[in-house]
Amino acid sequence: MTAPFVAANWKMHLTVAEAVGLAKGMRDGLAALTGATRVVCPPFTALAAVAAAFEGSGVGVGAQNMHPEASGAFTGEVSGAMVRDLCAYVIVGHSERRQLFGETDDFINRKVHAALGLGLTPIFCLGETLEQREAGRAAAVCREQLRRGLDGLDPDAVARVAVAYEPVWAIGTGRAATPDIAQEAMGGLRRELGELADAAADSMPLLYGGSVNPDNIASFVAEADIDGALVGGASLRADQFVAIAAAVAQAGAAS
Ligand code: PGA
């Protein structure tokens, strides 16, 4: 049993007007793809407007980050409750947060707990760097990030997480992983999740991320443990993201 799932990560792009324009451009195409969970993650500033643009379409909206604390003196930060006001999903543990903003496994784990406690669905990202892969440590690094990121959750809570495998060397580089490499990593993650979530691991959505485009998506979702994708660059084009989402929904229907 798979759970087709596709998410757009718009990163630090688009003003409110631009984001609404893009949302409207993909709304009808995404609305038709009822066989897959479809989520769009705009910047915080555009969350409310994009949520309004997708209202009634069946397309979910998510934030790209949140702070683990409920409230307090954290200038510039946004809490899970603030996110929950506007949307139902949140990306946590993205490699850009880990690398550029120094987020640790422990800090990410706190976010996962806070998000689940609020009823948000975390899209929890992990993945190795090129250096780690070349040192033969990819599987161990991913396992460690998974274990530490989901530490302390009971099996029911683990089962409510969407896990995205995003090898750092494939993000924004135009150099996607091969489907074989992604399947090997994600098969390993599914086995680990089996220990954390029991039988529910089989129906948890596992997403591949890193230079996904309309031409390569079908080869990823044809793999046994790849249920969908987290899409950066190509999600900034309505036609491309709808085409990717269609391929994800089609693969889910075929399995
Ligand atoms: P990309 O980004 O599709 O541009 O490689 C993916 C991501 O960072 O989630």
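**Exercise 1. Find the residue in strand E3 that is the bridge partner of Val40, and describe how the two strands are joined.**

Step 1. The bridge partner of Val40 in E3 is Val61. This model is a predicted one, in which local features need pLDDT of at least 70, side-chain atom pairs count only at pLDDT 80 or more, and totals for chains, interfaces and linings use all residues. Residues are numbered from 1 along each chain as its sequence is written, and side-chain values use heavy atoms, with hydrogens and water left out.

Step 2. Strand E2 (residues 37-41) and strand E3 (residues 60-63) run parallel and are joined by two bridges; strands pair if DSSP finds at least two bridges between them. Strands (E, at least two residues) and helices (H or I, at least four) are DSSP runs, numbered from the N terminus.

Step 3. Eight strands close into a barrel with parallel pairing, in the order E1-E2-E3-E4-E5-E6-E7-E8, and the twist averages 25° from one strand to the next.

**Exercise 2. Describe how helix H5 packs against helix H7.**

Step 1. Two packed helices are described by the angle between their axes and the distance between the axes. Axes are lines fitted to C-alpha atoms, for helices over the stretch in contact, and angles run from 0 to 180 degrees between N-to-C directions.

Step 2. H5 (residues 105-117) and H7 (residues 138-149) pack at about 45°, with axes 8 Å apart. That makes H5 oblique to H7, since angles under 35 degrees count as roughly parallel, over 145 as roughly antiparallel, 65 to 115 as roughly perpendicular and the rest as oblique.

Step 3. Asp105, Asn109 and Val112 in H5 meet Gln145, Arg148 and Gly149 in H7, where contact means heavy atoms within 4.5 Å.

**Exercise 3. Which polar backbone atom lies 2.7 Å from an oxygen atom of the ligand?**

The atom belongs to Ser211. A backbone N or O atom of Gly232 lies 2.8 Å from a ligand oxygen atom.

Key. Polar contact = N/O pair within 3.5 Å; in protein donor to acceptor, adjacent residues only side chain to side chain.
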